[in-house]
2 protein chains.
Amino acid sequence: MRKPKTRKNPEMDKPARVTMMDIAAAAGCSQAAVSFVLNDTPGTRISQQTRDRVLEAARALGYMGTSYTMKASYSGLDNVIGFAVDQLATSPEAIVAIEGARQASWNTGNVLLVTQTLGDPVMEPKAIKALTNGGISALIYMTIYTREVKLPSYVCELNIPTVLLNCYTADHAFPAVVPSEIAGGQSSTRHLITHGHHRIGTITGEIWMQAAQDRLTGYRRALATADIPFDPELVVEGDWSAGAGYSATMQLLALQEPPTAIFCQNDRTAVGCYEALKDAGLRIPQDMSVVGYDDEEISRHLVPALTTSVLPHLAMGQWAIEHLNLQTMPGKRYPITKLECSLVNRHSVAAPRAKARHIFDGAQAPR
Amino acid sequence: MRKPKTRKNPEMDKPARVTMMDIAAAAGCSQAAVSFVLNDTPGTRISQQTRDRVLEAARALGYMGTSYTMKASYSGLDNVIGFAVDQLATSPEAIVAIEGARQASWNTGNVLLVTQTLGDPVMEPKAIKALTNGGISALIYMTIYTREVKLPSYVCELNIPTVLLNCYTADHAFPAVVPSEIAGGQSSTRHLITHGHHRIGTITGEIWMQAAQDRLTGYRRALATADIPFDPELVVEGDWSAGAGYSATMQLLALQEPPTAIFCQNDRTAVGCYEALKDAGLRIPQDMSVVGYDDEEISRHLVPALTTSVLPHLAMGQWAIEHLNLQTMPGKRYPITKLECSLVNRHSVAAPRAKARHIFDGAQAPR
DNA sequence: GATAAATGCTAATATTAATTACCTAAACCG
DNA sequence: CGGTTTAGGTAATTAATATTAGCATTTATC
């Protein structure tokens, strides 16, 4: 609409707006059919094939409706960025990521619009649609648990820059950012190793979850790097809960050669671990070092304060905004970006007691 | 669009879509002028008056653009409710209120769209505009601190049902819901009184804040109800922080007749209070009973767990949704609804020690 | 295997919106 | 005071979209 001048030179019309005619030509049907499909006009019969071809063409050509509505939508408004997350209330990470995204977008005068999907197959499309109604210029799609997602087709059809936060698709069709859990598990374990620990237990989360596997992988890598042999006895499967942390710790303490440090793969597990150690009459960190993961609120209030790793959700939110303008080329593939979980050093780690190490060393021989 | 049949019977056209012609007629200008205004077409000259008249008429008539864009937008979509809050990340209350609102709206198939305003005069209008662009059917306007707000004119002009959450306007032009802080302060204090305490200290927040004043008022009312005289010595002004809680507690302990119980007007203050009591060698609740306020995460992790009052943000969120359909009649006035802060009983309150009470009773006489 | 009914679509047409090309009255101006 | 700007529009035109009517096909139906 800016400079169409369609009248003057019929040869020059190419760069004008995309119309239903163009879509019709591309999809091999009539303008009317396009109108039916795009409006979902009730009472008309269009085959799924044609419907798909039209939507496909509309997306490919970047159809944008009448210019009025779009222009008016944007008037006096910078860009609006949509942020869809499956859960908002269950954990603070979503909030932190949103805050990071907000900060980054604020800087460029963009506004963030947030909605929850709850992974509900009925509500999610509605939520996304509500988001796109106002004409968002980009979408961030976040999940609360790190995992692979299958992006619903209506998200792909949006034809706007999209970034995945804390999740990724198998086809790598969108830029994605997740925490570097492997590196996190590795640095947590290395932290213990550099404090002189050689026998380090770990309590995992539910092992089918990506995060649990990755943290365990990091644990093994750190061990391998330090040439400490991996002992399966020292790995106890938990389920992220304090209760599991308690019994897992008891299990580790019952070992013939108990560890001198425990890497709890989340903070709640560490809470249970603290309880168990207290009940066993062991002091932290003198008798047993503990590290957690996630840097939940509670980790600061435990006594002694828990050394743990912060999930980089703030940085992930910022990253997402900053990488929005990487155009989503159809067919292009993006690597998954991983952001570091940095260790925050508090008071739950110390060198193993000389005595304990002595006993341990001595125990080696008789065996 | 559903049943326009504009052709058949020219008399029956009334319920058809609102077009630019209608707006032009209402505004007393041409369709072209309407187009210019609505599109903000550059290079055209329209007086501010005409511009206003057009916008006014467009709003009044509920102009919705070409049907393509809107129909497609709305298809398969129930109502969308906008939720504007000044801050999302600083405290968990906003999240809780959103969760309440989400639950309530989910039930009726509505979708919630959330945005942050940060009270920023530049961004707030943009954020609200982003919200309304998609055609929200109602708005919830929340502040993180309970306070009076002046609703910006663009909110009033939205002409959609609006509810204020945790804030209110002086003119009572919108339904509003806030926590009943007075009742909360009263029941906290009464809780201590029913446990046998007569000499109850309180540590306030920053006293210029509504919440601090109300909680103090509740404290005085509970005292009055129980015929306990108010002693200004027992009221120490804090600032919601743990640090202030610590020194305020010390101040209370230094009193000639120290209290047997302390009502900390928020949980963080109580954290400082716990510290101070520990340092003074006093046990909770045997030597001193403590109640907090807000039911923050930390209150559950303190030892002993803190008896405190939950802010009813979940209920407030639900209330807001449920009271959205109370039409906003121009000129109508709505009372401010207050929702109860219920006390959650944990382990920081006990009866005053017989000995302490004895000393106290004895001390009365000599005075 | 003829007939009816439904499907899938298009041509033609109606409606709506955007744009160009003026027009008019007041303000300006030497 | 006559000419020239210019703000503030309108009418007419054109582009784009929505809708109606119907036309081939295919798919039951008897």
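Reader: How many cavities of 30 Å³ or more does the structure hold?

Author: This is a predicted model. The structure holds 2 cavities of that size.

Reader: What is the volume of the largest cavity?

Author: The largest cavity contains about 40 Å³ of space.

Reader: Which residues line the largest cavity?

Author: From chain A the lining takes A:Leu88, A:Val114, A:Thr115 and A:Gln116. From chain B come B:Ile98, B:Arg102, B:Trp106, B:Leu112 and B:Val114.

Reader: How does the lining of the largest cavity divide by class?

Author: The lining has 6 nonpolar residues, 2 polar and 1 charged.

Reader: What are the volume and the lining of the second largest cavity?

Author: The second largest cavity has a volume of about 30 Å³. Its lining has 11 residues, and those nearest the centre are A:Gln286, A:Asp287, A:Met288, A:Pro352 and A:Arg353. By class, the lining of this cavity comprises 5 nonpolar, 4 polar and 2 charged residues.

Reader: Turning to the rings, what describes a pair of aromatic rings?

Author: Two quantities are used: the distance of the centres and the angle of the planes. Over all chains, the structure has 4 aromatic pairs.

Reader: Why is the pair of A:Phe263 and A:Tyr293 classed as tilted?

Author: The planes of the two rings stand at 40°, so the pair counts as tilted; stacked needs under 30 degrees and edge-to-face over 60. The ring centres are 6.4 Å apart.

Reader: Where in the chain do A:Phe263 and A:Tyr293 lie?

Author: A:Phe263 belongs to strand β8 (residues 261-264) of chain A, while A:Tyr293 is in the loop between β9 (289-291) and α12 (297-301) of chain A. The pair links distant parts of the chain, 30 residues apart.

Reader: Are A:Phe263 and A:Tyr293 buried or exposed?

Author: Both A:Phe263 and A:Tyr293 are buried.

Reader: What aromatic pair do B:Phe263 and B:Tyr293 form?

Author: B:Phe263 and B:Tyr293 form a tilted pair, with 6.4 Å from centre to centre and 40° between the planes. In chain B, B:Phe263 sits in strand β8 (residues 261-264), and B:Tyr293 in the loop between β9 (289-291) and α12 (297-301). B:Phe263 and B:Tyr293 are both buried.

Reader: Which residue lies over the face of A:Tyr293, and which over that of A:Trp106?

Author: A:Arg215 lies over the face of A:Tyr293, 3.8 Å from the ring centre. Over the face of A:Trp106 lies A:Arg102, at 5.0 Å from the ring centre.

Conventions
Residues are numbered from 1 along each chain as its sequence is written. Chains are lettered from A and ligands numbered from 1 in the order in which they are written. This is a predicted model: local features need pLDDT of at least 70, side-chain atom pairs count only at pLDDT 80 or more; totals for chains, interfaces and linings use all residues. Side-chain values use heavy atoms; hydrogens and water are left out. On a 1 Å grid over the protein atoms alone, a cavity is a set of points where a 1.4 Å probe fits but cannot get out, and a pocket is an open set with protein on both sides within 12 Å along at least five of seven lines; lining residues have an atom within 4 Å of a point. Grid points are joined across faces, edges and corners, and a volume is the space filled by probe spheres set on the points. Ala, Val, Leu, Ile, Met, Phe, Trp, Tyr, Cys and Pro count as nonpolar, Asp, Glu, Lys and Arg as charged, and the others, Gly among them, as polar. Rings of Phe, Tyr and Trp (its six-membered ring) pair if their centres lie within 6.5 Å; planes under 30 degrees apart count as stacked, over 60 as edge-to-face and the rest as tilted. Helices (H or I, at least four residues) and strands (E, at least two) are DSSP runs, numbered from the N terminus. Buried means under 20% relative accessible area, exposed over 50%, partly exposed in between (1.4 Å probe, protein chains only). A charge sits over a ring if NZ of Lys or CZ of Arg is within 6 Å of the ring centre and within 35 degrees of the ring normal.
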